[in-house]
Amino acid sequence: MTPKVAIITVSYGHAKSMPALFASLERLTYQKDAVKIWLLDNQSPDDTYDVVRGLLDKSGTRTKGGFACVLIKSPTNRGYAGGNNDCMRQALYEGFERIFLLNTDTEIAPDALQPLVAALEPPGVGAVQPLLLLAQDRNRINSAGNAIHYLGMSWCDGYRLTLDDPAAKTLVVPREVVSLSGAAMMLRAAALKEVGLFDEQLFAYHEDVELSWRLRLADWSLRLVPEARVWHAYEFSRSIKKYYWMERNRFLVLFMCYQLPTLLLIAPLLLTLELGMLPFAFLRGWGREKLRVYSYFLKSASWRL
């Protein structure tokens with residue numbers, strides 16, 4: 001039987017991206033009655049909800065191309081983690097075997113679902129990622145899997161390499177990867193039931209790193225599926241506020257995923273990094289956000305057993 005796929009996308013102020021995203025979803029060649037799309041609007045400051053409602057049929061429960069669709073207006077901003085979790089819980093309850101998380105600023109290739117579903121057939125594979133390409137330059141890589149530094153930083157593997165670059169040839173092959181990009185990742189329902197969903201304390205940034213790490217700790221493998229393609233309108237945001245979430249969550253992930261002996265082992269290097277990063281943060285204009293991170297960890301309420 002064709003595995004049932006839940007496609008989940010969470011929006012916060014992405015009304016302009018919706019027509020292109022839904023147009024690409026309409027072109028999917030996967031079996032229609034085996035797909036259900038969830039769109040959760042996270043209290044967007046724009047008219048995302050109304051735009052998406054206009055892209056559905058008169059019933060508001062299907063796309064105009066016939067895919068089942070659930071449109072949810074969250075009463076609060078649940079963040080990337082909470083919004084996806086709300087939809088994933090419902091999809092798991094309804095018996096979906098494959099959960100595909102997809103950013104709102106993406107377009108998916110018509111035949112992308114089939115190779116992703118096939119790559120999850122081997123019992124030990126917990127999650128897979130399509131090859132993410134830049135929407136602005138469709139021959140350049142956004143992410144061929146993500147890398148994780150032992151001090152908590154994470155970045156897109158192969159970022160901005162062209163597909164014909166010799167360095168890309170070793171990356172754009174079916175292979176195991178360290179971490180998956182939350183912009184487009186397909187998860188096995190059984191793996192999620194074992195390790196749990198996103199940690200909602202993270203809210204935004206590094207949720208994909210932490211979940212990938214947790215899956216690997218539970219002996220689930222993560223794989224890149226290069227024949228599945230998704231184009232991502234990726235831009236590294238210059239918002240100062242994002243640095244608070246990125247730096248705070250970098251530490252949270254380390255505390256969540258390392259045991260105490262490992263944390264003690266890397267502590268001198270982590271301190272050296274922080275001493276170097278603090279003046280750099282002030283020079284670049286996000287020093288106050290860095291100090292907010294330290295303040296967060298000085299509060300007893302931030303620590304949980």
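Is K290 buried or exposed? I looked this up before anything else. K290 counts as buried, at 0% relative accessibility. My cut-offs: buried is under 20% relative accessible area, exposed is over 50%, and partly exposed is in between, with a 1.4 Å probe and protein chains only.

**Ground rules**

I am working on a predicted model, where local features need pLDDT of at least 70, side-chain atom pairs count only at pLDDT 80 or more, and totals for chains, interfaces and linings use all residues. Residues are numbered from 1 along each chain as its sequence is written, and side-chain values use heavy atoms, with hydrogens and water left out.

**Entry: salt bridges**

I stayed with K290 and looked for its partner. K290 forms a salt bridge with E247, with the closest N and O atoms 2.4 Å apart. The pair links distant parts of the chain: K290 sits in helix α9 (residues 287–298) and E247 in helix α7 (residues 241–257), 43 residues apart. I took helices as DSSP runs of H or I with at least four residues, and strands as runs of E with at least two, numbered from the N terminus. E247 also counts as buried, at 9% relative accessibility.

I then asked for the total. The structure holds 15 salt bridges. The rule is a side-chain nitrogen of Lys or Arg within 4 Å of a carboxyl oxygen of Asp or Glu.

Next I turned to R78. R78 forms a salt bridge with D86, at 2.9 Å between the closest N and O atoms. R78 is partly exposed at 24% relative accessibility, and D86 is partly exposed at 29%. R78 also meets the side chain of E200 in a salt bridge, 3.1 Å from N to O. This pair links distant parts of the chain, 122 residues apart: E200 is in the loop between α5 (189–195) and α6 (207–217), and R78 is in the loop between β3 (68–73) and α3 (79–93). E200 is partly exposed, with a relative accessible area of 30%.

**Entry: strand β11**

How many residues of β11 are buried? I found 5 of 5, over residues 184–188. I checked the faces separately. A184, M186 and R188 lie on one side, M185 and L187 on the other, and all are buried. In a regular strand the side chains alternate between the two faces of the sheet.

I then traced the neighbours of β11. Strand β4 (residues 98–102) pairs with β11 in the antiparallel sense over 5 bridges. I count two strands as paired if DSSP finds at least two bridges between them. F100 has M186 in β11 as its bridge partner. Strand β6 (residues 125–134) also runs antiparallel to β11, joined by 2 bridges. There A127 stands opposite L187.

**Entry: L192**

I placed L192 in helix α5. L192 is buried, with a relative accessible area of 2%. From L192 to P166 I noted 26 residues in sequence and 36 Å in space, C-alpha to C-alpha.

**Entry: cysteines**

How many disulfides are there? The count comes to 0 disulfides, where a disulfide is a pair of cysteine sulfur atoms within 2.5 Å. I looked at C69. Its closest cysteine sulfur is in C87, 10 Å away, so the gap is too far for a bond. C257 is in no disulfide either, and the nearest cysteine sulfur, that of C156, is 19 Å away. C69 is buried at 4% relative accessible area. C257 is buried at 12%.

**Entry: second largest pocket**

About 260 Å³ of space lies in it. I used a 1 Å grid over the protein atoms alone, where a pocket is an open set of points that fit a 1.4 Å probe, with protein on both sides within 12 Å along at least five of seven lines, and lining residues have an atom within 4 Å of a point. The volume is the space filled by probe spheres set on the points.

Which elements give two or more residues to the lining? They are α7, α8 (260–284) and α9. α8 gives the most, with 6 residues. Among the lining residues I noted F251, L263, E274 and Y294. The lining divides into 10 nonpolar, no polar and 1 charged. Here Ala, Val, Leu, Ile, Met, Phe, Trp, Tyr, Cys and Pro count as nonpolar, Asp, Glu, Lys and Arg as charged, and the others, Gly among them, as polar.
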